[in-house]
Amino acid sequence: ARSRSSSGSSGASALALVLLGVAACLCLCLAPAFVAPPSPRGGGAAQVDLRLAAASVAGLAPLAVEQPAAAYDSVVAMLQSWL
């Protein structure tokens, strides 16, 4: 049989271990996950906006060229070929 003092010390060490784990989780969760680099001087935001606009126009350009009617005509032609 265990003595009362040995079970008390194991309970205290388990509590200390749990508190240490909670403290470690808090440190990891509350630490900043991303630190932004300092902005360059001389219009860095305007350059990013220009690149974003250029990428958006380049990505949406195929949608402006293709007309929805062409897609409808091809679907109708496919269905007619099945009949």
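The exercises below, each with a worked solution, concern one predicted model.

Residues are numbered from 1 along each chain as its sequence is written. In this predicted model, local features need pLDDT of at least 70, side-chain atom pairs count only at pLDDT 80 or more, and totals for chains, interfaces and linings use all residues, while side-chain values use heavy atoms, without hydrogens and water.

**Exercise 1. State how many helices and strands the protein has, and where confidence is highest and lowest.**

Step 1. Helices (H or I, at least four residues) and strands (E, at least two) are DSSP runs, numbered from the N terminus. The protein has three helices and zero strands, in the order α-α-α along the sequence.

Step 2. pLDDT is the predictor's confidence in each residue, from 0 to 100. Its mean over the protein is 75, and 71% of the residues reach 70 or more. Confidence is highest in α1, at a mean of 80, and lowest in helix α2 (residues 44-65), at 76.

**Exercise 2. Describe the surface of the protein and the place of L26.**

Step 1. By the Shrake-Rupley method with a 1.4 Å probe, the protein exposes about 7500 Å², of which carbon and sulfur atoms supply 72%. Of its 83 residues, 1% are buried.

Step 2. L26 lies in helix α1 (residues 4-30). Its relative accessibility is 47%, so L26 counts as partly exposed.

How values were computed:
Buried < 20%, exposed > 50% of the residue type's maximum accessible area, 1.4 Å probe, protein only.
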